[in-house]
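Morning, everyone. Please have a look at the model on the screen, and I'll talk you through it.

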Amino acid sequence: GQSLEQPSEVTAVEGAIVQINCTYQTSGFYGLSWYQQHDGGAPTFLSYNGLDGLEETGRFSSFLSRSDSYGYLLLQELQMKDSASYFCAVGGGATNKLIFGTGTLLAVQP
Amino acid sequence: NAGVTQTPKFQVLKTGQSMTLQCAQDMNHNSMYWYRQDPGMGLRLIYYSASEGTTDKGEVPNGYNVSRLNKREFSLRLESAAPSQTSVYFCATLGEETQYFGPGTRLLVL
């Protein structure tokens, strides 16, 4: 089977750095993605790692270690608008079927 | 460009009633997906379509049927709704390792 584990909740203060971890077990692996979802909204794509290492996009970075079946999302210079749920997802290949984790609710406090 | 659109936005059904959720995209993407999201949970794949004319089951297909009417449209049908199908339903398309989600349909089955 396939499963992903990530913390259910994380709290941080404005301006800080927060890391959300994701470990996975899959029968096949093509890449690790991260999605953001604000309450009541649609998930939106943040980042994708197909290979080991760090990907940086503005204040957001994502890391993957395929040998450890582990990745993380790093959010820097936290802003109040970053309060949302963050989901890691594994999948890909020809159909890019994604399996999502249960999400991490990030609360940014003033 | 509208991206991915879904209708209706909200729906209340009685147990045993049927309905079809509509999804359309103007992004010219081949692959389309239907997910459900229950409170505090990640997204679970119901069905997907890798291209026009093909559909395949995801993690939780029981109680649902789909039709890939053409490249733009992918509908999800509940033949006999059950309270367990109360959820938020998201349609998505695939482009460049990124899934693009519609705004969702909130379904309540009484």
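Aromatic pairs: over all chains, the structure holds twelve. Keep in mind that this is a predicted model.

Take A:Phe100 and B:Tyr35. They pair edge-to-face, 5.5 Å centre to centre, with 90 degrees between the planes. A:Phe100 sits in strand E10 of chain A, residues 97–100, and B:Tyr35 in strand E4 of chain B, residues 32–37, so this pair joins two chains. Buried or exposed? A:Phe100 is buried, and B:Tyr35 is too.

Next, B:Tyr33 and B:Tyr48. This pair is stacked: 6.3 Å centre to centre, 20 degrees between the planes. B:Tyr33 lies in E4 of chain B and B:Tyr48 in strand E5 of chain B, residues 43–49, so the pair ties together parts that are 15 residues apart in sequence. B:Tyr33 is buried, at 0% relative accessible area. B:Tyr48 is buried as well, at 8%.

Those four residues belong to one aromatic cluster, which also includes A:Tyr35, A:Phe45, B:Phe90 and B:Phe101.

Now strand E8 of chain B, residues 74–78. Four of its five residues are buried. Which strands does E8(B) pair with? Strand E7 of chain B, residues 64–68, runs antiparallel to E8(B), with five bridges. A hairpin of five residues links E7(B) to E8(B). B:Arg68 has B:Phe74 as its bridge partner. Strand E3 of chain B, residues 19–25, is also antiparallel to E8(B), through three bridges. There, B:Thr20 partners B:Arg77.

Last, the surface. B:Val12, B:Leu108 and B:Leu110 form a nonpolar patch, about 280 Å² of accessible area together. B:Leu108 belongs to strand E11 of chain B, residues 105–109. With 38% relative accessibility, B:Leu108 counts as partly exposed.

Conventions:
Residues are numbered from 1 along each chain as its sequence is written. Chains are lettered from A and ligands numbered from 1 in the order in which they are written. This is a predicted model: local features need pLDDT of at least 70, side-chain atom pairs count only at pLDDT 80 or more; totals for chains, interfaces and linings use all residues. Side-chain values use heavy atoms; hydrogens and water are left out. Patches are made of residues with over 30% relative accessible area and no salt bridge: like charges are joined within 9 Å, nonpolar side chains (Val, Leu, Ile, Met, Phe, Trp, Tyr) within 5 Å. Accessible areas come from the Shrake-Rupley method with a 1.4 Å probe; for residues, only the protein chains shown count as cover. A salt bridge is a side-chain nitrogen of Lys or Arg within 4 Å of a carboxyl oxygen of Asp or Glu. Buried means under 20% relative accessible area, exposed over 50%, partly exposed in between (1.4 Å probe, protein chains only). Two strands pair if DSSP finds at least two bridges between them. Rings of Phe, Tyr and Trp (its six-membered ring) pair if their centres lie within 6.5 Å; planes under 30 degrees apart count as stacked, over 60 as edge-to-face and the rest as tilted.
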